[in-house]
Amino acid sequence: METTTNGNTQWVQDEAEKIRATLLGELHRIENEVNNQFLSFKNDVELRQPKIFDIETSQPKSSNRQIHETRVFIARNSLLTDLFHTSHIRSLRNVFIAVLMIFVMQVAINDLVEYGRLKLHFELIFQCFANLHIALFIWLIMQLCTSVLVFMGFYHWANNRVSYLSNPKDLKIYDIVWLIIYITYIVLFLILPCREIVQHQLPVASSLIVLLEQLRQLMKTYSFVRENVEKIRLQCRLIMETNPTENTELEKLTAPDFSKYLYFLFAPTLIYSDKYPRNAVVHWDFVLQMFGQVIASVIYVYYVVVRFCVPTFENLNQNEITLPIFITVLFNSIMPGSLFLLLGFYGFLHCWLNAFAEMLRFADRMFYKDWWNSTSFAAYYRTWNVVVHDWLYTYVYKEVYVLTGRKNRIIPAICVVLLSATFHEYVMMFALGFFYPVMFLLFGVVGMLFLVFLPRNKGVMYNIMLWAFLLIGVGLQSCFYFMEAYARKSCPATDSIWDKVIPRSIVCRFSLPSTKLLHIDL
């Protein structure tokens, strides 16, 4: 009887899971159909509009997409959080876990066969995170500067600005002086951490901690200042209009609270707001699960490097690189490069940001969208990293769009891509310790061409085309950066400053006859 009851309970659970998965699938399908139908209807109306209404042909033609306002925060889960409720999607994650287990088993078996004992090979991780205490100290100094200096400076500017309202000339000088102070702070905040990285010779992982935190805090600083400057100026204008003679009524001037600013500094968003949607409780089991998966992603990347990248580039003689060898190494780099892309997305954009969002009860978890379904690079750039995209859209795209007279959207898009590509290359340059503009060329040049000239049509073929270009791109990045890193180990260095700028993998290599070609096949 008990066995029958347990069997019925399991059957009910299975059926409930099937119904839930079916409903979720139908909801996503209906949502996609409604969006597609609405976009088709909107495009059809806009195509017919010139025939119905008498519109001057001299007006510039703009894009169909509208300029949206600043990000609206609402309570919602990350997309993968909802998708993982479906057992079919969870199985895809289980496949990656199984592959990681196979990597670990393979390395362990190779150690037992070759050395007779297990060698965990964690030296590479320790090398990448060497001088971590220095990186954390630099981060602490940056965090204190962002938390204290920025807020105190803004608070001082806002409260003392009222006393200059009676004299417009003094007010303008006062604002210019504080603008110079703000720009000086931004420049020093960019230079000083990089100087410490170079001075202490921080390795890749430790450098990335400093550099990514540097850019995150700079973007948060700009958002805080940009969102509150207009509020202070509006309040000052109201004070002048209501009672111009009483310029000492500071109670009418409302500056943002430090508690709100401090919460914003740690919240997983780059857009400042006085109020965010908050959850009622913190699920600490979810936090531990997310951080555990971040650690698992780091270990996964490590085993991919040890299994695929180190054997390839360690055995590659930099003096014997020919075109056939390069093509072979390139295609062998596509698979590990693709895993770096997926693991970086899952480990950081999903797990890391969700962990901090849960600890801070931050309810808006839309850190990314369904970028894997993109059929154009424009859609991919908008959906891959929504956190950074919102900042670029709000403070770069919209500002440039207004400055150019609201007539052309190509120029704002070019500015966004070039700015993003520049700072991507900036991070790679100081993290790796050499200048090799692969990221900038692929992101800022090739990506720009794809963004402008590739058609933005929907369909399976366009999605396949995007994935093909994307995987080749990450393969090229992995190939070039690993080749340069190993070239700087094997090729002799020079005391010239050009040694840091000119790729050593190009300078110190030459082609041998075809009979001496090296073939690398993993």
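Two rings of Phe, Tyr or Trp count as a pair if their centres lie within 6.5 Å, with the six-membered ring used for Trp. By that rule, this predicted model has 46 aromatic pairs.

Let me take two of them. The ring centres of Phe224 and Tyr272 are 5.2 Å apart, and the planes meet at 85 degrees; that is over 60, so the pair is edge-to-face. Phe224 is in helix H7, while Tyr272 is in the loop between helix H8 and helix H9, so the pair ties together parts 48 residues apart in sequence. Phe224 is buried, at 0% relative accessibility, and Tyr272 is buried as well, at 3%.

The second pair is Phe326 and Phe480. Their centres are 5.4 Å apart and their planes stand at 40 degrees, so this one is tilted. Phe326 belongs to helix H10 and Phe480 to helix H15, so the link spans 154 residues in sequence. Buried or partly exposed, what is Phe480? Phe480 is partly exposed, at 22%, whereas Phe326 is buried, at 18%.

Ring pairs also build a cluster, and its members include Phe345, Tyr368, Trp371 and Trp467.

The charged end of Lys220 sits over the ring of Phe264, 4.3 Å from the centre. Arg307 does likewise with Phe308, at 5.0 Å.

Last, helix H5, residues 132-160. Leu144 lies in this helix and is partly exposed, at 47%. Leu144 is part of a nonpolar surface patch, with Phe137 and Met152 among the other members, and the patch has about 650 Å² of accessible area together. Asn159 is also in H5, but is buried, at 19%. The Asn159 side chain reaches the backbone oxygen of Tyr155 at 2.8 Å.

Technical notes. Residues are numbered from 1 along each chain as its sequence is written. This is a predicted model: local features need pLDDT of at least 70, side-chain atom pairs count only at pLDDT 80 or more; totals for chains, interfaces and linings use all residues. Side-chain values use heavy atoms; hydrogens and water are left out. Patches are made of residues with over 30% relative accessible area and no salt bridge: like charges are joined within 9 Å, nonpolar side chains (Val, Leu, Ile, Met, Phe, Trp, Tyr) within 5 Å. Accessible areas come from the Shrake-Rupley method with a 1.4 Å probe; for residues, only the protein chains shown count as cover. A salt bridge is a side-chain nitrogen of Lys or Arg within 4 Å of a carboxyl oxygen of Asp or Glu. Helices (H or I, at least four residues) and strands (E, at least two) are DSSP runs, numbered from the N terminus. Buried means under 20% relative accessible area, exposed over 50%, partly exposed in between (1.4 Å probe, protein chains only). A polar contact is a pair of N or O atoms within 3.5 Å; within protein, one must be able to donate a hydrogen and the other to accept it, and residues adjacent in sequence count only if both atoms are side-chain atoms. Rings of Phe, Tyr and Trp (its six-membered ring) pair if their centres lie within 6.5 Å; planes under 30 degrees apart count as stacked, over 60 as edge-to-face and the rest as tilted. A charge sits over a ring if NZ of Lys or CZ of Arg is within 6 Å of the ring centre and within 35 degrees of the ring normal.
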